[in-house]
Amino acid sequence: MTLPDHGTERFDLWAPRAAGVTLLAGGRMYDMNRRGGEAPGWWTAPGAPVSGEVDYGYLVDGDPTPLPDPRSRRQPEGVHALSRTFDAGQHQWADGQWAGRGLEGAVIYELHVGTFTPEGTLDAAAGKLQYLAELGIDVVELLPVNGFNGTHNWGYDGVLWYAVHEGYGGPAAYQRFVDAAHAAGLGVIQDVVYNHLGPSGNYLPRFGPYLKSGEGNTWGDSVNLDGPDSDEVRRYILDNAAMWLRDYHVDGLRLDAVHAFKDERAVHLLEDFGALADAVSAETGRPASMIAESDLNNPRLLYPRGANGYGLAGQWSDDFHHAVHVNVSGETTGYYEDFNSLGALAKVLSKGFFHDGSYSSFRGRHHGRPIDESLAHPAALVVCSQNHDQIGNRATGDRLSQTLGYGPLALAAVATLTSPFTPMLFMGEEYGATTPWQFFTSHPEPELGKATAEGRIREFERMGWDPAVVPDPQDPETFTRSKLNWSEAVEGDHARLLELYRALIALRRATPELAGLGFEGTEVDFSEEDGWLLLRRGRTQVAMNFSAEPLLLGVRGGSIALATDDAVRLDASAPDGGQLELPGHSAAILTNEAG
């Protein structure tokens, strides 16, 4: 989408339906004037300060309470207070030699700044970057950091998309973090939310038609992507995406819940995101990756724009998570029901989607469509065995490591890190963290906090959970419990699992065919009855025993490059290439240089 330039004055404001606007800046009032020409709805403030750090806000239609800037870069006193100017150009970047990082061959690590370290700040998180680099991580993905009300939050209640939460250190700390990540050889993906706004501090409707009243999604009114004045709303979103890529040097964006976008325009917003990424990549010479969270199983998101696709670099695949989760945990309720077989995992590994036009019992209808293997690479699917949603949206926020032992956790790791797709870990997964990751909020308004807590309890009560076990999201202890306990990483099976993750990531990097081959390079055999699955990628074989019993499995020669259990044995003299002895809940990776 190409629009006329709205001007570059630092306090310009889009408020198309306002009768009058006054700027409060540096303690002084400035009457704003409508801009003319090709910038309808925009206001400018003659005589306003042109430099220096300034606190400011807008008084709309005579209301004496100043509102924060919709494009505010800083909110030092919170989302209800005055904005503060921030000059992103003042940072002296040290990443001139950084070549960028695309998805193919990468391993992503998802983290929440507030619970990743005891301090819960970007600077503290930067102190763990060397640990992540030594683990073998390629890209760090941050949960949303935009301005939200309160002191702590998942980040999806953001209301000021251009600001970085002050509790994390604000925008200057964000620049330091990205610089430090690039110095450590790590890319950065920022999770952004453009499908809704949080319940407290959302002043956008006071300025203009940013939302479509009456056309809601799961979280409230939808963002106005295709109604009157939606050109400027889309510009607001795309300018924000460009800000992260240009001003903050991030390597990509994770687009939250794009299935909640309500966009009937001929050129979908997702296509605009794809075009923006290409434009920024052409400017910088670095990859700029747009990754959608989507439960539509619509591969059009991944296809090139020239093939009538949206041109995104990737999308999350819930089907992979569900298939792995069921086969290591045995849980089959709700949306897990359709994935209650090794056949489901085999199909996902082979085809990318399980629901590719098949019947979804959870939805009560057919769902998805097949991926055209000539138009998409497996690396475009980002997969995991755990993530913030799949843990945090459980009633108690429990991780797999709180109920499973080393064997099943190791199987989940092998399935994820040897898959044809782009693997993503959730913070602490690599050492089997036993700290939960629960749903937490800190709404200062008592009535909103009470409504949030009661709504959460009702939601899980309807699903059959005992309401007494559902933690109160407003209780500060719910947030504190969710912080990682790093001392676990050096203890017993935690340390053993961590070493396995390091070895798996190193083997993935040293074995290009694991991540490099297309869909056509995948073969999968399995036995539902005996509980084994054998994945072949070129000369590499990944044998997994999901049953509790030991078994013998025929393989096509090779040698053991990695095993999750010391009791794994290979009899190379057995007929037809060899026989692998796998204890219960174990896996082995075999390589065969001779082909």
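## Basis

The model is predicted, and local features need pLDDT of at least 70, side-chain atom pairs count only at pLDDT 80 or more, and totals for chains, interfaces and linings use all residues. Residues are numbered from 1 along each chain as its sequence is written, and side-chain values use heavy atoms, with hydrogens and water left out.

## Helices H11 and H14

Helix H11 (residues 406–417) and helix H14 (residues 492–510) have axes that come within 10 Å and cross at roughly 15 degrees. Helices here are DSSP runs of H or I with at least four residues, and strands are runs of E with at least two. Axes are lines fitted to C-alpha atoms over the stretch in contact, with angles from 0 to 180 degrees between N-to-C directions. H11 and H14 are therefore roughly parallel (angles under 35 degrees).

Contact (heavy atoms within 4.5 Å) involves Tyr406, Leu409, Ala410, Ala413, Val414 and Leu417 of H11. From H14, the contributors include Leu497, Leu500, Tyr501 and Leu504.

## Nonpolar cores

A nonpolar core is a set of buried Ala, Val, Leu, Ile, Met, Phe, Trp, Tyr and Cys residues joined through side-chain atoms within 4.5 Å; buried means under 20% relative accessible area, exposed over 50%, and partly exposed in between (1.4 Å probe, protein chains only). The largest has 152 residues, of which Tyr174, Trp244 and Phe273 touch the most other members. Another core, apart from it, has 11 residues, among them Leu534 and Leu553.

## Positive phi

Asp61, not a glycine, has a positive phi of about 55 degrees. Asp61 is in the loop between strand E6 (55–60) and strand E7 (83–84), and is partly exposed at 46% relative accessible area.

Note on methods: Angles under 35 degrees count as roughly parallel, over 145 as roughly antiparallel, 65 to 115 as roughly perpendicular and the rest as oblique.
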